[in-house]
Structure formats: structure tokens, C-alpha cells
Amino acid sequence: SPPKILVTGGAGYIGSSVVRQLGEAGYSIVVYDNCSTGFPSSILYGQLVIGDLADTERLHQVFHEHEILAVMHFAGSLIVPESLIHPLNYYANNTSNTLSLIRCCQIFGVNRLIFSSTAAVYGNSSSNPISEAEIPCPINPYGRSKLASEWIIQDYAKSSALQYVILRYFNVAGADPEGRLGQMSKTTTHLVRSVCDAILNLKPSLDIFGTDFPTRDGTAVRDYIHVEDLAKAHLDALRYLENGGESQILNCGYGQGYSVREVVDRAKAISGVDFLVRETERRLGDPASVIACADSIRQVLNWTPKYNNLDIILRTALAWEIKRNNLNNRRIHNII
Ligand code: UFG
């Protein structure tokens, strides 16, 4: 069988988009996913091995059975409040499982790794935009469990032939413009998804968490990146490593921010639905403004985003929610 890209967490929101792009680009793929939050139906290319990263025997078997050219490591837990309640689960699933995976890479001589990290490693940084040179200072177990993984990768790389690209994602949103893939998780906490639910009457109102931030309109500002562009960054990172590129840590964002109010206003304008908005207290631990300095990724990977546009992010997310929820009335048809 042909050499493959191993994609952990390939059944998830971001992983499945990357698998699709890899498949379209002609790569052979093996997905390793325990399907705890991912869905087998999201995997449009390659083969799926249902397994947990903590199951080292199963993982070894995959490395043994397939010639692995590179590993893309998406599998992990990512809900900040949950990480405060179950920190050890986060260190186990994020940090310890990354260590097991790297050990496998060591044993089987796999020397290319692309790792999903997060802007959460920066914590409450006052720098805006935030560059990769900033010293990370995460403020919750989620961010710390990811930063610890980054350290493992960096330390191992220094002592071996491993070449890595660590991608620090900012606020990922949107869906496949062709409607094949999008967010599938059952619970809604992210802003874009919450806004879609409010438009579609799946929830009675949208809460704005905090209106007293030191920002232009008092609401929190984030750098929203379309999942398709983020997925493409992974393919660019893979090509970069294939061409012998040096290890890198790169922010994934557009370098511009929108406030919660701006997102809400655009969503109302696009949909024509004037959903109810309630202004409530700040959510615990939310920073005022998180914007990527996104120069490096463009320079190093030659990454050229195609969907750097809040309206496209909102429209594709909304179209996906309509499809996923099987909604089919005229009010909603008019939206898209
Ligand atoms: N928000 C609302 N109402 C909602 C949902 C969100 O006002 O119904 C606000 C939040 O308070 C925040 C902003 O919209 O100010 C964005 O919130 P999200 O939940 O969409 O995203 P976060 O910025 O909180 O989280 C993202 C990633 C995390 C990562 C974190 C790092 O999803 O994985 O950035 O700061 F840890």
C-alpha cells in the first residue's frame, strides 16, 4: 500500500477538513480517532482506524501496518471550562497522548509532525496583535496542556531528526463552502455557532458576555479564521516540511479582529433575522482582545487565505447549520 499521512483526530471539525483537502491533493491517508467527539461520516477520504491514543498497542499497530510519511496531530480535548473541572483529563488526553504519539514516531522513524496548538497558550497577553515571539503564559489547564505538548515536541526535535510545524489556531469558524463538512459537536459555546442558533430559532436569544471591555465597542474582539483556510495551512505546512523546511511555530489567524457586537450585527444583516440579544456579565477568563500577528505564516508557508471575510464565515456556518439540522422552511431558505 502507498505511504500515508497519519491524521489523529481526523473525524473532528478541523481534522476532517484537512483530510478532505489531503485527499483532493492526492495523498493517501489513515485517520486514527476514537470518535468520542468526531464522526466517521465526516471522513471523506482514506481509511479510519477507530482507536484511542492512550491505546499504545493499537497505535503501534497502525505505525507497523502503514508506512507513515508524516503525522498530523489534531486529536485532543478543547473546552476551556471543562479543563478547569477535569484538568487531569486534559493533561492525559492532550499532553500524555502527544508524548505517546511522539514515542511512536521515534520508534518507527517518522520525522515530520504537524501539531494543532492554540492561541490559548498566550493566556491574557496584553500584546495585540500577538506574535510567535511572545513568551507563552496560558491561564487554564487547556492552554497549559497544549503548551506542555509544544515543549515535548520542541525538546524531542532538538535531540532528533524530527521536523515540526506547530500551528497556533485563533478562533476557528465557518464551514465547507460546498456544504459537505462543518461543526458537528452537540453543545454550543462558540460565538459563530451561537449566533447561527439564534438566527435559526434553535435558541431563544444570544448572550453577549461582557460589554465593558477596553475595546472599541466594549465587547470582546477575536481573530476569526475560516476552517478552509486553516485546513489549507496544514497542507502548506506539509509541503514545507517535504521540501526540507525548518521547524516552525506559526500563528493561524488573519491578523484582524471583530468584536462580538460586530459579529452579531453582520449576522443580523446577512440573515435578515433580528434575533433577541441580551447583554450579560463577562464569562470567566475571557480576554478582551485576541488578534494574531499573522505575518510569519504567510512568509514561511506562502499561505494565502481565500476566505478572509466575516460574511463568508457567517454564511457558510449558517448554511451548514441549516443542512445539519434539516431545517427547511421558507424563512430560512431566504437567508442563503
Ligand atoms: N461570546 C458571547 N456570546 C456567546 C458566545 C461567545 O458573547 O454566546 C463571546 C465570548 O465571551 C468571547 C467571544 O465571544 O468573548 C468568542 O468566544 P468563543 O467561545 O467563540 O471563543 P473563545 O475566544 O472563547 O475561544 C477560543 C477557542 C479556544 C481557545 C481560546 C483562546 O475556541 O479553544 O480561543 O483564547 F482556548
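This is a short tour of the structure, stop by stop, with what to select at each one.

**Before you start**

The model is predicted: local features need pLDDT of at least 70, side-chain atom pairs count only at pLDDT 80 or more, and totals for chains, interfaces and linings use all residues. Residues are numbered from 1 along each chain as its sequence is written, and side-chain values use heavy atoms, with hydrogens and water left out.

**Stop 1: the two domains**

Colour 4–173 + 224–252 as domain 1 and 191–222 + 255–333 as domain 2; such bounds come from an automatic or database domain assignment. Their centres, taken over C-alpha atoms, are separated by 25 Å. Domain 1 gives 27 residues to the contact and domain 2 gives 25, where contact means heavy atoms within 4.5 Å.

**Stop 2: helix H6**

Select residues 191–199, which form helix H6. Helices (H or I, at least four residues) and strands (E, at least two) are DSSP runs, numbered from the N terminus. Nine of the nine residues here are buried, so H6 is largely enclosed by the rest of the structure. Buried means under 20% relative accessible area, exposed over 50%, and partly exposed in between (1.4 Å probe, protein chains only). Among the buried residues are Arg193 and Asp197, along with Leu191 and Ile199.

Now step on to Asn201, in the loop between H6 and strand E8 (205–209). Asn201 has a positive phi of about 65 degrees although it is not a glycine. For context, most residues other than glycine have a negative phi, and most peptide bonds are trans. Is Asn201 buried or exposed? At 54% relative accessibility, Asn201 counts as exposed.

**Stop 3: H6 against H10**

Axes are lines fitted to C-alpha atoms, for helices over the stretch in contact, and angles run from 0 to 180 degrees between N-to-C directions. To see the contact, show Val192, Arg193, Cys196, Asp197 and Ile199 of H6 with Ile313, Leu314, Ala317, Leu318, Glu321 and Arg324 of H10. These residues divide into seven nonpolar, no polar and four charged. Ala, Val, Leu, Ile, Met, Phe, Trp, Tyr, Cys and Pro count as nonpolar, Asp, Glu, Lys and Arg as charged, and the others, Gly among them, as polar.

**Stop 4: H2 against H4**

Next, pick helix H2 (residues 56–65) and helix H4 (residues 87–108), whose axes come within 10 Å and cross at roughly 35 degrees. Thr56, Leu59, His60, Phe63 and His64 in H2 meet Ser100, Leu101, Cys104, Cys105, Ile107 and Phe108 in H4. By class, this contact has seven nonpolar, four polar and no charged residues.

**Stop 5: Glu24**

Go to Glu24 in helix H1 (residues 13–24). At 44% relative accessibility, Glu24 counts as partly exposed. Leaving aside residues up to four places away in sequence, Glu24 touches Tyr45 and Arg180.

**Stop 6: two backbone details**

Which loop holds Cys35? Cys35 sits between strand E2 (29–33) and strand E3 (47–50), and has a positive phi of about 55 degrees without being a glycine. Finish at Pro129, in the loop between strand E5 (112–118) and helix H5 (141–158). A cis peptide bond joins Asn128 and Pro129, with omega about -5 degrees.
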